[in-house]
Amino acid sequence: MHFFSPEDIKKNVSKFGLTPERLFFSSYIVWLTFFFISSLTMFDYWFPRIFFIVMRALPLLGLALNEYLNTTFSKKSLFGYSFIVLSGIVAYVSGDYYLFDISVIIVASRHYEFEKIVKAFLVVTVTLTFITIFATHLGLLQNRDFSSIDRSRRAWGFKYATFLAHLFFFMTMSFAIVLKQKFNYYHALILFIVNLWIFAITDTRNPFMLATIYIVFVYYYNNFEYFRGLCLKVAKFLTPSFILTSCFIAFLSLTYKIFGFTHFFDKLLTGR
């Protein structure tokens, strides 16, 4: 058993030039690449089921090993593992197993700089997005049409028309995190133009509005002292707001009735 202690494993993997940090980022990038590819129209036709299982299992095992090498057991680590277990239960009940994957990534990533993780996300997603759009333009990937009488929507190589818009929203946030105070008018303008173009081809309103609001907020935050101070005052209420909102959503789900407030609320949100 001594051979399997964290220190012994670190010594063994270091012989191959593999540190816990490299193990984490390698596993994270492989998982992110696989997640991206699995969202393309070609995935279900080109890859067998076993490939799907292996390409999800390998990075998760790498992340688990990374966590084992880094962990000093504490209340925080216990909370993290409880979070993974809870996410696993929710994933099993809902059938959305990516929720479990993401919980493992969140817990394993706490040992490393957030900015480095965001940069890795940007490198992978921006590169693969350019390749996907170019391949779709050449006709190598199917450009699914989700248009209706009053809406023109294309997926540009992805399975769903909404994927590119939501992905760009996360890219927008990531760019702002990396640029920090360097985020200026030109960055805001470029991001808005790209955001507008994606909205024009996908007609996905929610991420378009969120990205636009985010761009404006970041620009004002960097350039207006009063607005920055106001944001910092409001920020302390944002973290508990996620918990309260989650509890409210759970309450609505558990008390939902075909008539009454919950039904009205559901119709207001167009059945979401």
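Thr132 counts as buried because its relative accessibility is 3%, where buried means under 20% relative accessible area, exposed over 50% and partly exposed in between (1.4 Å probe, protein chains only). This threonine, Thr132, is found in helix 7 (residues 114-137); helices (H or I, at least four residues) and strands (E, at least two) are DSSP runs, numbered from the N terminus. The model is predicted: local features need pLDDT of at least 70 and side-chain atom pairs count only at pLDDT 80 or more, while totals for chains, interfaces and linings use all residues. Residues are numbered from 1 along each chain as its sequence is written, and side-chain values use heavy atoms, with hydrogens and water left out.

**Overall architecture**

- The chain holds 13 helices and zero strands.
- Of its 272 residues, 35% count as buried.
- The C-alpha trace spans about 65 × 50 × 50 Å along its principal axes.
- Among contacts (heavy atoms within 4.5 Å) with a separation of 6 or more, 65% are accounted for by residues 24 or more positions apart.

- Leaving aside neighbours within four places in sequence, Thr132 is in contact with Phe36, Leu40, Leu141, Trp156, Gly157 and Phe158.
- Trp156 has its place in the loop between helix 7 and helix 8.
- The phi of Trp156 is near 50°, a positive value in a residue other than glycine.
- Trp156 counts as buried because its relative accessibility is 16%.

**A second residue with positive phi**

- Asp203 is placed in the loop between helix 9 (185-202) and helix 10 (205-223).
- Phi of Asp203 is near 50°, a positive value in a residue other than glycine.
- With a relative accessibility of 12%, Asp203 counts as buried.

**Aromatic pairs**

- Rings of Phe, Tyr and Trp (its six-membered ring) pair if their centres lie within 6.5 Å; planes under 30 degrees apart count as stacked, over 60 as edge-to-face and the rest as tilted.
- By this rule the count comes to 22 aromatic pairs.
- Trp31 and Tyr98 form an edge-to-face pair, because their ring centres are 6.0 Å apart and their planes stand at 80°.
- This pair links distant parts of the chain, with Trp31 in helix 2 (residues 20-38) and Tyr98 in helix 6 (residues 98-108), 67 residues apart.
- Trp31 counts as buried at 5% relative accessibility, and Tyr98 counts as buried at 17%.
- Phe36 and Phe163 are also an edge-to-face pair, at 6.4 Å centre to centre and with 85° between the planes.
- Distant parts of the chain are linked by this pair as well: Phe36 lies in helix 2 and Phe163 in helix 8 (residues 162-179), 127 residues apart.
- Phe36 and Phe163 are both buried.
- A cluster linked by ring pairs consists of Tyr185, Tyr186, Phe217, Tyr219, Tyr220, Phe224 and Phe227.

**Charges over rings**

- A charge sits over a ring if NZ of Lys or CZ of Arg is within 6 Å of the ring centre and within 35 degrees of the ring normal.
- Arg56 lies over the face of Tyr98, at 4.5 Å from the ring centre.
- Arg228 lies over the face of Tyr221, at 5.6 Å from the ring centre.

**Helix 4 against helix 6**

- The axes of helix 4 (residues 49-70) and helix 6 come within 9 Å and cross at roughly 25°; axes are lines fitted to C-alpha atoms, for helices over the stretch in contact, and angles run from 0 to 180 degrees between N-to-C directions.
- Helix 4 and helix 6 are therefore roughly parallel to each other, given that angles under 35 degrees count as roughly parallel, over 145 as roughly antiparallel, 65 to 115 as roughly perpendicular and the rest as oblique.
- Residues making the contact include Phe52, Arg56 and Leu60 of helix 4 and Tyr98, Asp101 and Val104 of helix 6.

**Helix 7 against helix 8**

- Helix 7 and helix 8 pack at an angle of about 140°, with their axes 10 Å apart.
- The two helices, helix 7 and helix 8, are therefore oblique to each other.
- Among the residues that make the contact are Phe114, Val118 and Leu122 of helix 7 and Leu167, Phe170 and Met171 of helix 8.
- Phe170 counts as partly exposed because its relative accessibility is 44%.
- Phe170 and Gln142 are 28 residues apart in sequence and 24 Å apart in space, C-alpha to C-alpha.
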